[in-house]
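Good morning, and thank you for joining this group meeting.

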Amino acid sequence: MWTFQMWLARKAKKIHLLCSVLLIAIILLALSILQLADLLSLQRQNFKLQGLPIDKVHQIQELQTEKPEFFKRDMGGSRANYSSVEADELIKMLKRFFNQTDLQLGHVFNESQDYFLFLRQLNKHAPKKGSHLKKYLRTNSSTSFVRFYKEINQHFLYRPEDNSSLYDLLKDLNNVPIKSTEELSGENNLKLILNFHNGGTGIFTPKRWVDRELNPDHFFKMDIISHRAEIAAFHLDRVLGFHKVPPTVGRILNITSDVMLLAKGRLKEHFFQSEEGSICIQGDCSPHCADTCGAPELLEGSTSVALPDINTCPRKRDRHPIKLLLAKIKKMKFDKTYRYCRDNVKTRRLQQAAPTHLLEVVEMSIFDFLIDNMDRRLIERFKQFGENGFLLHDDNGRGFAKAKRDCSTCLTPLQQCCMIRLSTLLKLVKLYLGPSSLSQVMRNSLKDDPLAPVLLDTHLNSLDRRLGKILKVVKRCLNGVKFWKNVLIDDFIPLK
C-alpha cells in the first residue's frame, strides 16, 4: 500500500511539471501569433501608404500613434488632406465655448452643410451700410464697369450677394473688343492697359512663366509675376468672402491685332519678331522686365478690372506695419523681438483711431500666407473711407510660386498681435471640417475660368496644409488667454 502511494506521488509531480511546461508553451505560441498579426497589419498599412508624399505619411503615422481618435478615413474638409492635432483641439475648444453662449453657430460644425450655403447665412449679418465713392453716386451709365465702381463700399470692392453683376464684369473683361493699348508705367514687370470700346479699362498681365514649380532655391524677390496667380488670388478672395481683390479673368490676345495695331505712346516702338518667328514685346519696366512673346501671335494672360482713376478717387499707400523686407540676409525688426507688434503696432492710439485697421492687416496676412505672397510691402486703401476703410488685396502676381514653401513670416501679424475676426475664423473652421476642403472649393471655382486649369494640384493641396497651420496659430493665441474676446474680435457676430 505504501509503495503504491509513493509511486502515485512521483507520477503526480511529473504530471504537474508536464502541465506547467505545456501551459508555458501555449502562452509563448499565443504571443508569437499576436506578434505575427501585428507584423501583417503593419505591412498592410505600409502598402497602403506607398506612393503617398512623405509628409502625408508622417501626418497619418503621427495621428495614429498620438491621437488615433482624430483620424477618420471618411472625414471631409481640408483635414482629410492635412490634419493637425492642434487644429482638432481648437475645434473642440470652440464647440465647448459656443455651447456655453447664446450664439446660434451650430451650422459651423455641421459637416454635411455646403460651404457656400454657410457663407450666405454668415453674410446676412455682414455690414452692408457704408459710404460709397462719391464720384459714382450720380452716374447713370449701365455698363458692367460703372456698376462695379458704384458698388465699391468702405467694407468691400463688390457686394457678396451680387453675383450677376460680377459675372457680367468678368465676361466683359474676357471678350469685350479693345479700343487701344498702352504700357502701365511704374511697374517692375510688363503690364498693359486695355481700353475697351464700352468705356471700361482692364490691366493685362501677360504669361511669363511655364506651368511648373519654381526652383526651390529661387529667392522670392526674383519670383516671376504669374498671371495665373492673379486669377487664383481673386477666386480665393471670393471663396473666403473677403471681396477685396479686383475681379480677374483669363484672356488670350492676338499681339498683332489686339495690341500692336492699337498701341499708343512708346509702346508702339517695343514690338519685334524673334528668331522663331514669334511676335514679342520689349517692356520699358527695368530692372526685371523681360521680353514677352506670343505663340506665335497669341498671348495668354490675366485681365483685372482697373480701379477708379487715382486722380478722382485717390488712394493712400503706407508701408506695411510689419514690413516684409526684400532682403536675403538682413534680420527684420519683428524677428528680433516677439513683442514688436505689442510695442510698435498694437498701440492704444492706433486702436482708438482706427479699430478695424489692425484687423484688416491681420486678414491680409492670412490671405498672403495662403497664396504664399512674400512681396507685400505696401498697404493701400481709398482715402475717402479713412483709416477704417478696407485694405485692397491687389498685386498678387508673386503668389503660388512654390507649393512646398510656407511663408511663416507672412503670418507674423496674427502670431504676434493675436487678433482675428470671428467671422474669418469661422470660415476657416468650416473649410477645415468640410464637407468640402479649401482645395476642392478652389478647384470648382477655378474650373470656370477660360484658362482652366489655372493651378497645379500641388498648389491647390498646399492650401489645405496652410489652412491647418493658421488654425494652429489661433489655438496657441487662445492658450492661457482669460478673455477670448481679446483674440476673437466681434465684427458682426455678438461674442459674449
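This is a predicted model: local features need pLDDT of at least 70, side-chain atom pairs count only at pLDDT 80 or more; totals for chains, interfaces and linings use all residues.

Residues are numbered from 1 along each chain as its sequence is written, and side-chain values use heavy atoms, with hydrogens and water left out.

Let us begin with the salt bridges. A salt bridge here is a side-chain nitrogen of Lys or Arg within 4 Å of a carboxyl oxygen of Asp or Glu. How many salt bridges does this rule give? The count comes to 23.

To do so I need terms for accessibility: buried means under 20% relative accessible area, exposed means over 50%, and partly exposed lies in between, with a 1.4 Å probe and protein chains only. I also need helices (H or I, at least four residues) and strands (E, at least two), which are DSSP runs numbered from the N terminus.

In another pair, the side chains of Arg 381 and Asp 318 meet at 3.3 Å, N to O. This pair links distant parts of the chain, 63 residues apart: Arg 381 belongs to strand β10 (residues 378-382) and Asp 318 to strand β9 (residues 315-319). Is Arg 381 buried or exposed? Arg 381 is buried, because its relative accessible area is 2%. Asp 318, at 23%, is partly exposed.

A further salt bridge joins Asp 457 and Arg 443, at 3.5 Å from N to O. Asp 457 lies in helix α16 (residues 457-478) and Arg 443 in helix α15 (residues 438-446), so the pair ties together parts 14 residues apart in sequence.

I turn now to strand β3. Five of the six residues of β3 (residues 201-206) are buried, so this strand is largely enclosed by the rest of the structure.

Which strands pair with β3? Two strands pair if DSSP finds at least two bridges between them. Strand β2 (residues 192-196) pairs with β3 in the antiparallel sense over four bridges, and Leu 194 stands opposite Gly 202 in β3. Strand β8 (residues 298-305) pairs with β3 in the antiparallel sense over five bridges, and there Thr 205 stands opposite Ser 302.
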